[in-house]
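Here is a short briefing to read alongside the model. Please keep the structure open as you go through the points.

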Amino acid sequence: MKKIGAVPWKSVGSFLAIASAAGCVVTSIWLSTEFIMDPKSVAWMNRYLPDDAQIPISAWDDPKSLKEVQADLRKAGLYAGEVVRVETVKQGKPKQIDILMPVFRPQADQDDRLVELRAYRLVKNSTARKPEALQFVNQIEVREMREDFVTEPLVRARAMNPSSDRELPFTNVQRLEDRAPQNGIWLNVNGKLQQGDSSIAYGQVIYYNPITTAMSAMLSWTSPDGELPTWQAVPKGRPAEFVVNQTVGLEPDFQVYQLRSVKRKNIPFQLQPISLSQPAIANGAFTDALFLARSGLWSNASEYLKSVKRRVGSAWTPAAQAQMDLIDRHAKVTKTQADQPWANVSQQILANLLDGRWERAAQVMEKSSIDHPEVLDVLKYDPGRVQKRINAALQFNPSRSEVQMWGALRMATQQGKPNAIAWLKNQPLDSSARRAQTLKMINQLDAMTFGNLMPADEPAKTSQNKKI
């Protein structure tokens with residue numbers, strides 16, 4: 001603890017005056033106490049104190065040269081990584097330069113591990129030996145990430161089994177500059193987990209405020225495709241948005257976060273996810289569109305929302321547009337996949353099913369009977385992505401015969417012909433021709449071998465009758 005005598009009382013007086021001028025007695029008392037007990041905790045106030053009342057550097061840790069800092073780290077078995085230089089210009093003040101320093105611990109048989117981030121301020125010093133030195137102002141311990149969090153998107157997609165809770169290290173530090181908000185410094189600390197021939201990227205977004213020297217971890221993220229997250233361009237007046245790609249295979253999955261203000265000291269904002277669970281406007285069709293989106297029928301949801309936007313006119317809100325943009329981002333992927341030619345017929349059919357193109361998928365199936373075994377494997381070993389779309393489509397319109405066909409075929413591959421025919425007979429009849437065609441295809445499937453039958457959820461039934 002610092003002794004009161006180590007701090008010039010002129011600085012204390014100036015500090016109290018500034019605190020009192022803020023008009024908040026409680027805040028003034030708290031800041032003054034912090035100043036007296038530990039001047040380093042309020043070092044940022046030097047920017048507002050007059051020159052003759054600056055808190056002297058000797059009131060806390062002595063400044064050191066970069067070589068001295070590096071030597072201290074080596075003694076502790078650590079080393080400094082590539083630093084990030086931060087320049088802040090404020091009217092009427094000299095340019096302020098901060099140095100953000102990642103600190104690593106060497107590892108003998110693997111990548112070195114990031115253990116903390118430090119912030120130093122470049123200061124003038126009266127000693128000739130080091131006229132310019134680094135003044136320590138803040139640090140944040142980097143907590144490593146659990147493997148089960150990193151692999152969660154793959155587990156959710158049933159692409160792998162649950163992982164352990166072991167901790168995975170961060171090995172890189174990058175500054176996020178492209179389209180980043182201009183209210184501070186954004187860093188991305190990250191690492192990679194090797195899974196077979198591919199790597200899962202993971203990391204944390206850390207924010208540094210050069211005015212208050214506050215530093216905080218704002219968001220943890222993971223990307224099965226190994227893609228680093230980015231800030232994206234947004235229309236004027238809309239909160240900054242940060243995008244994480246969690247896509248697995250042909251199933252798109254983007255998490256988008258908006259920078260929102262919150263009542264919090266030092267860092268008055270946070271990254272909040274755009275959710276599709278609650279509609280941004282009270283509208284039945286809007287609610288239906290979000291249900292379709294959550295079920296993976298992104299293109300159908302996108303078309304619904306375009307219609308809603310035209311109808312509501314001025315009642316359309318920025319929050320509604322943000323939800324629509326998120327849905328459109330997914331729809332763009334599923335549309336592109338369905339439109340592109342595939343060498344493998346089963347992949348062509350799967351891409352069409354994931355985009356809700358039931359009739360087109362049926363046409364591809366009919367034209368390629370030679371590839372039926374491969375197509376059947378797609379249905380038999382479907383981890384649920386096709387089934388959830390079938391359920392959603394039939395919930396909106398139980399009579400859609402082309403959807404019924406895929407529901408029956410999937411059931412036949414997993415539960416056999418009798419169950420599939422029994423389920424089909426309980427569905428509303430829309431087209432006698434399609435029903436006959438479906439029964440014919442089920443009989444064809446019965447001639448093939450389906451081993452290791454797995455249970456499948458039956459499509460939901462409802463009295464609603466909406467076309468998608």
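Strand E10 (residues 198–208) pairs with E11 in the antiparallel sense over 8 bridges; helices (H or I, at least four residues) and strands (E, at least two) are DSSP runs numbered from the N terminus, and two strands pair if DSSP finds at least two bridges between them. Please bear in mind that this is a predicted model, in which local features need pLDDT of at least 70, side-chain atom pairs count only at pLDDT 80 or more, and totals for chains, interfaces and linings use all residues. Residues are numbered from 1 along each chain as its sequence is written, and side-chain values use heavy atoms, with hydrogens and water left out.

**The sheet with E10 and E11**

- Across the pairing of E10 and E11, Tyr207 stands opposite Ser216 in E11.
- These strands belong to an open, antiparallel sheet of 4 strands, ordered E8-E9-E10-E11.
- E8 and strand E11 (215–223) are at the edges with a single partner strand each, so one side of each has no neighbour in the sheet.
- From one strand to the next, the twist averages 25° (axes are lines fitted to C-alpha atoms, for helices over the stretch in contact, and angles run from 0 to 180 degrees between N-to-C directions).

**The sheet from E12 to E15**

- Another open sheet has 4 strands in the order E12-E13-E14-E15, again with antiparallel pairing.
- Its edges are strand E12 (230–232) and strand E15 (269–273); each has a single partner strand, so one side of each is left without a neighbour in the sheet.
- On average, neighbouring strands of this sheet are turned by 35° against each other, direction ignored.
- E12 and strand E13 (residues 241–245) form an antiparallel pair over 3 bridges, and Trp231 has Phe242 in E13 as its bridge partner.
- Helix H8 (residues 318–339) packs on this sheet and touches E12, E13 and strand E14 (254–261); a contact means heavy atoms within 4.5 Å.
- The direction of H8 makes about 160° with that of E14.

**Positive phi in two loops**

- Arg179 is not a glycine, yet has a positive phi of about 65°.
- You will find Arg179 in the loop between strand E8 (172–175) and strand E9 (185–195), where Arg179 is partly exposed with a relative accessible area of 43% (buried means under 20%, exposed over 50%, partly exposed in between, with a 1.4 Å probe and protein chains only).
- Asn266, also a residue other than glycine, has a positive phi near 75°.
- Asn266 lies in the loop between E14 and E15 and is partly exposed, with a relative accessible area of 34%.

**Helix H12 and its cover**

- Helix H12 (residues 385–396) has 12 residues and reaches 17 Å from its first C-alpha to its last, close to the 16 Å expected, where the expected span is 1.5 Å times one less than the number of residues.
- H12 is mostly covered, with 9 of its 12 residues buried; among them are Val386, Arg389, Asn391 and Phe396.
- The cover over these buried residues includes helix H6 (284–294), helix H7 (298–312), helix H9 (345–354), helix H10 (358–367), helix H13 (401–415) and helix H14 (417–425).

**The whole protein**

- The protein has 15 helices and 15 strands.
- Of its 468 residues, 49% count as buried.
- Among contacts with a separation of 6 or more, 55% come from residues 24 or more positions apart.
- The protein exposes about 23300 Å², with 51% supplied by carbon and sulfur atoms; accessible areas come from the Shrake-Rupley method with a 1.4 Å probe, and for residues only the protein chains shown count as cover.
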